Amino acid sequence: MEECPSKQVTENTDEPPNSRLFVVTSRCITEDVFRESFSVFGDVQGVWVVKDKQTKESKGICYVKFAKSSQACLAMEEMHGKVLVEGTKPIKVFIAQSRSSTRHRDVEDEELTRIFVMIPKTFSEEDLKNTFKEYGDIEFCVIIKNKFTGESKGLGYVRYYKPSQAALAIENCDKTYRAILAEPRTKASATEDYTPGAARSDYMGGTDSMNQYSFPMGDPGNYPVMDYRSGDFTRCLMMSTRVALTQEQIFALFDIIPGMEYCELQRDAYGLSKGHALIRYSNLGSAVYAKEKMNGFEYPPGNRLTITFIDDGEDRSSPVGRMAMQFVAAQMMSAVWNGPSTSQVMKPPGFSALPQVSRIQTDVNLPPLKKLAPPDSKTKERLFVVFSPSPLPPDVLEDVFCRFGTLIEVHLVPGRKVGYMKYADKQCADEAMAALHGRVVNGVKMKVMLADPPREESHKRPRTY
């Protein structure tokens with residue numbers, strides 16, 4: 001790696017944190033071009049162009065060091081995807097990997113947007129928001145409370161929409177708040193000292209916009225799970241999902257079965273979904289029916305829900321009580337298994353069948369379906385798509401990306417969370433990228449970018465996708 005001529009670079013390139021950028025670019029772009037392009041965002045302390053040790057030619061990688069984290073984050077937000085020199089490919093800009101971080105961070109990394117602060121115990125969430133809103137638009141605030149008394153512990157989290165806003169807050173807020181970037185969530189911190197909301201009516205107007213990321217299924221908490229095979233049926237259910245669902249989605253799904261009196265999405269210390277929800281019905285019959293109907297149900301398509309009974313606190317130890325419970329449960333399961341002819345006997349009053357769920361679950365306003373382009377069409381543009389946490393099925397991707405017209409084919413790279421979309425028309429590809437980049441489809445977040453063109457000088461085997 002060759003340093004820039006000027007020697008004003010600080011010895012520790014990780015101070016302050018997240019102030020150094022990692023840029024993927026064309027090999028022909030020089031250090032002077034980088035310095036000129038990035039200096040408009042703040043004090044550039046150094047530029048390094050990575051060069052081949054033998055040929056001294058650029059490898060198409062550059063590091064840019066700023067004096068402040070907020071300057072680096074703003075530069076990343078504004079310059080990612082921009083073209084520096086006409087005729088070259090768009091650059092990709094990341095926060096560079098540091099000793100405290102094992103990877104490069106991009107503009108959509110949520111860890112760069114959430115800060116941890118120490119606040120007066122008298123602060124409400126509105127006070128917290130009003131204090132920090134001067135640094136940028138706030139997505140949500142959470143005050144950490146004692147799980148037994150409900151009193152504030154004098155700690156809180158603020159999440160912004162952009163990394164530069166969080167960095168500005170850390171740099172400029174009153175030092176008594178001791179603001180820092182929030183550490184990544186761990187299993188220990190996720191279950192510590194948080195009181196998850198109240199009854200179902202408290203959530204119907206709540207915000208769940210932050211729950212757009214998928215997560216692994218975790219521990220549903222301290223609720224005793226009942227084994228229905230041994231005859232333990234209750235009015236309370238625990239739903240587990242691998243895809244983030246909002247409170248409104250869960251409520252609407254389980255409210256189809258009459259008798260639901262409580263629905264609560266379990267949240268962690270940051271106000272984010274744990275992937276579990278607690279549902280309680282007013283009668284045993286509705287709970288058993290919901291368990292049998294919903295367990296294994298795919299919502300959204302591809303995400304299989306897991307439903308278990310949990311202890312509802314009622315005493316069913318008497319022989320008569322257990323017999324009555326088992327009789328009701330047996331009748332309800334018989335109604336589920338034996339079809340409509342017998343289900344009419346014990347089906348809860350007012351029950352309507354489960355709704356037909358659309359194959360595509362997304363908040364994107366998708367155009368109507370369009371026919372694929374002929375397989376032998378010439379490819380005018382390719383899109384490169386990164387999936388999180390895992391790729392969508394090819395037929396679902398085809399369904400989504402064909403709606404913008406002239407899609408030739410979908411190719412998923414085996415063993416990796418990436419794929420390519422081939423289009424016969426550049427404008428159609430651009431429209432798909434503009435509509436779908438950063439959006440969530442069936443619980444999977446997609447980053448949609450223009451694919452790099454194959455290198456003409458390469459002697460490797462030609463691409464087959």
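1. Contact here means heavy atoms within 4.5 Å. In this predicted model, and with neighbours within four places in sequence left aside, Tyr281 is in contact with Arg235, Leu237, Phe254, Ile257, Pro258, Gly259, Met260, Glu261, Ser286, Ala287 and Ala290.

2. Tyr281 also belongs to the largest nonpolar core, which has 26 residues. Together with Met239, Ile250, Phe254, Ile279 and Leu305, Tyr281 is among the residues with the most contacts inside that core. Two or more core residues come from each of β10 (236-240), α6 (247-254), β11 (260-267), β12 (273-281), α7 (284-294) and β13 (306-310). Of these elements, α7 gives the most, with 6 residues. Apart from this core lies another, of 25 residues, including Ile360, Val364, Leu407 and Cys428. As general background, nonpolar side chains in soluble globular proteins tend to be buried together.

3. The pairing of β16 involves two strands. β14 (residues 381-388) runs antiparallel to β16 and is joined to it by 6 bridges; within this pairing, Phe384 has Tyr420 as its bridge partner. β15 (residues 407-412) is likewise antiparallel to β16, with 5 bridges between them, and Val410 is partnered by Met421. β15 and β16 form a hairpin with 5 residues between them, and Gly415 in the turn has a positive phi of about 80°.

4. Helix α2 (residues 69-79) is mostly covered, with 9 of its 11 residues buried. The buried set consists of Ser69, Ser70, Gln71, Ala72, Cys73, Ala75, Met76, Glu77 and Met79. The cover over these residues includes β1 (20-24), α1 (31-38), β3 (58-66), β4 (92-95) and α4 (163-172). Just after the helix, Gly81 adopts a positive phi of about 90°.

5. Which state, buried or exposed, applies to Cys73? The cut-off for burial is a relative accessible area under 20%; Cys73 has 2% relative accessibility and therefore counts as buried. Cys236 has a relative accessible area of 6%, so it too is buried. How many disulfides does a search of the whole structure find? The search returns 0 disulfides.

Notes
Residues numbered from 1 in each chain as written. Predicted model: local features only at pLDDT ≥ 70, side-chain atom pairs only at ≥ 80, totals over all residues. Heavy atoms only, no water. Disulfide = S-S within 2.5 Å. Buried < 20%, exposed > 50% of the residue type's maximum accessible area, 1.4 Å probe, protein only. Pairing = 2+ DSSP bridges. Helix = DSSP H or I, 4+ residues; strand = E, 2+ residues; numbered from the N terminus. Core = buried A, V, L, I, M, F, W, Y, C linked by side-chain atoms within 4.5 Å.
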